[in-house]
Amino acid sequence: MIEIHNIQKSFNGKKVLDGIDGVFESGKMNMLLGASGTGKSVLLKCIVGLVKPDVGSITYDGRIFTNNKLDIKQEIRRKIGMLFQGSALFDSMNVNENIDFPLKMLTDMTRAERRERVEFCLKRVGLEQAGKLMPSELSGGMKKRVGIARAIAPHCTYLFCDEPNSGLDPLTAIKIDELIKEITEEYDITTIVVTHDMNSVLEYGDNVMFLYQGKKLWEGHSSEIMDTKVRELNDFIFSNRLMRDAKKVEQIEEEEQREEDQRQEEEKNRNK
Amino acid sequence: MEEAVLIGINSVFIVAVVSTFIGAVTCVQISYNLNNAFIPRSTIGFMVREMTILEMAPTITSIVLAGKVGSNIAGGLGTMRITEQVDALEVMGINSASYLVLPKMLASILVFPMLVIIAMFLSILGGYVAGTLTGALSGQEYITGLRSSFIGFNITFALIKSVVFAFIISSISSYKGYFTTGGALEVGESSTNAVTNSVIALLIADYVCAQVLL
Ligand SMILES: Nc1ncnc2c1ncn2[C@@H]1O[C@H](COP(=O)(O)OP(=O)(O)O)[C@@H](O)[C@H]1O
Ligand SMILES: [Mg+2]
């Protein structure tokens, strides 16, 4: 579980994050939803410590991360896996070496153990055959899979994904979302996913936080998001035509249901 | 170590070509300017040796390497920065600056002197070939010139310079690359800046070295 309290961050006098609180539970898909440029990536970078927040505190399972001693920070970081927006694979290494890298650097596993772990992780993300390929030879979806494999290789407790399905075709996007969710539940990982994709929120999200211009405007379970009264969130959800249509269908169905109820009522009255 | 091999192998060809021709050109020009019956022809060999060892081999080689190694380092680090590979290292709890930059600096410091030694040999050889081909002096005279009043410290001086240059080029280029922000355009900008800044700093250092050490 990760807790953040009153995170504020400005760049050149411009407030990008304006006092964000939140709790991210373990074994759940915690989603950060928002339009481009609202500070989602900056918030994620604050949480993992790539960007230092001006104000605010972050705790990992009760252990303070911000402003703590370097060795405690490093210890927490070793449990963090991160999937970057562009995958950020090391392009001088092949897939196997990429996944092996954190194991080599951060653990004292033997060569054989590492090889086994790399194989396992590759298999877990469905890329048994790709070990010898270089990152430049991979498709976008494969890169994300390798990124996930690299993130989970050292048995991470916390997983951060920055727009895991941006730039992918819808089918591949769903597969990546699915994979992240499976892994999250399987290993009881605290996962935070940054996204602007309503489809993945509705389909795979558990807890959702909606950011708008650096502020948290809504928070709740993904199943409640369609009933929101927050105007900005409504605008965001229904900017998509499919979503609008879905809402219309829902309204029509509701109306039909009401008429049906009325008819039955009248019938009952008549029968009396 | 890998880095060293990479820098060395990737640069040895260009260094060889440049230094051979520099030696040849130096020899031809000196013989043109030394058209005097009272000066023995072997002086040409002596002067080629002095010029190449003291100045041409270390400085020209380093300028060539500033273009090649400097842009390579800055471009590589810049790309790693903008594609978030540097962030990926940091998230793993690895100190990205020392992990990425130190090996490059060490490799440069190791490899530059080797390339400079190669450059010395080849430019002297280039001078020999040019001198005998143009008939400016005989091979025997050239070798006599090479052997006359040899000062061992000059070689040490050249190697010290090459180490200083290696340090300058690799640190400036690493700095420019590591602190790239933006996109592909800025990566190109960083490499260009890395090369121009390195060359200027290198020439200043060349002057300082000459003042202090000679
Ligand atoms: N390192 C930085 N320096 C200055 N401004 C930045 C920096 N990083 C992000 N920003 C600004 O912060 C805002 C939010 O960016 P970001 O978090 O990347 O948005 P998104 O929600 O699309 O991920 C943007 O306006 C961006 O220009
Ligand atoms: Mg972003």
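**Ground rules.** I am working with a predicted model, in which local features need pLDDT of at least 70 and side-chain atom pairs count only at pLDDT 80 or more, while totals for chains, interfaces and linings use all residues. Residues are numbered from 1 along each chain as its sequence is written, chains are lettered from A and ligands numbered from 1 in the order in which they are written, and side-chain values use heavy atoms, with hydrogens and water left out.

**Sheet.** I looked up the strands of chain A and found an open sheet of 6 strands in the order E6-E7-E8-E3-E9-E10, with mixed pairing. Helices (H or I, at least four residues) and strands (E, at least two) are DSSP runs numbered from the N terminus, and two strands pair if DSSP finds at least two bridges between them. E6 and E10 (215-221) of chain A are the edge strands with a single partner each, so one side of each has no neighbour in the sheet. On average, neighbouring strands are turned by 15° against each other, direction ignored. I noted that axes are lines fitted to C-alpha atoms, for helices over the stretch in contact, and that angles run from 0 to 180 degrees between N-to-C directions.

I then checked one pair. E9 (residues 207-212) and E10 of chain A run antiparallel and are joined by 6 bridges. Met209(A) stands opposite Glu219(A) in E10(A). Helix H1 (residues 40-48) of chain A lies across E3, E6, E7, E8 and E9 of chain A, at about 155° to E7(A).

**Chain contact.** How many residues of chain B are in contact with chain A? I count on 13 residues of chain B, which touch 21 residues of chain A; contact means heavy atoms within 4.5 Å. The buried area (accessible area, 1.4 Å probe, that two parts lose on being put together, summed over both) is about 1,400 Å², with 64% from carbon and sulfur atoms. Glu84(B), Val91(B) and Met92(B) supply 43% of the area that chain B buries against chain A, more than any other three residues.

**Cavities.** On a 1 Å grid over the protein atoms alone, a cavity is a set of points where a 1.4 Å probe fits but cannot get out, and a pocket is an open set with protein on both sides within 12 Å along at least five of seven lines; lining residues have an atom within 4 Å of a point. Grid points are joined across faces, edges and corners, and a volume is the space filled by probe spheres set on the points.

I found 2 cavities of 30 Å³ or more. Of its 14 lining residues, Ile80(A), Gly81(A), Met82(A), Ala151(A) and Met92(B) are the closest to its centre. E6(A) gives the largest share of this lining, 3 residues.

The second largest cavity holds about 30 Å³. Among the residues that line it are Val18(B), Ile22(B) and Ser123(B), and H2(B) gives the largest share, 4 residues.

The largest pocket has about 1,300 Å³ of space. Of its 35 lining residues, Ser92(A), Met93(A), Glu2(B), Glu3(B) and Tyr99(B) are the closest to its centre. H2(B) gives the most to this lining, with 8 residues.

The second largest pocket has about 450 Å³ of space. H1(A) gives the most to its lining, with 3 residues.
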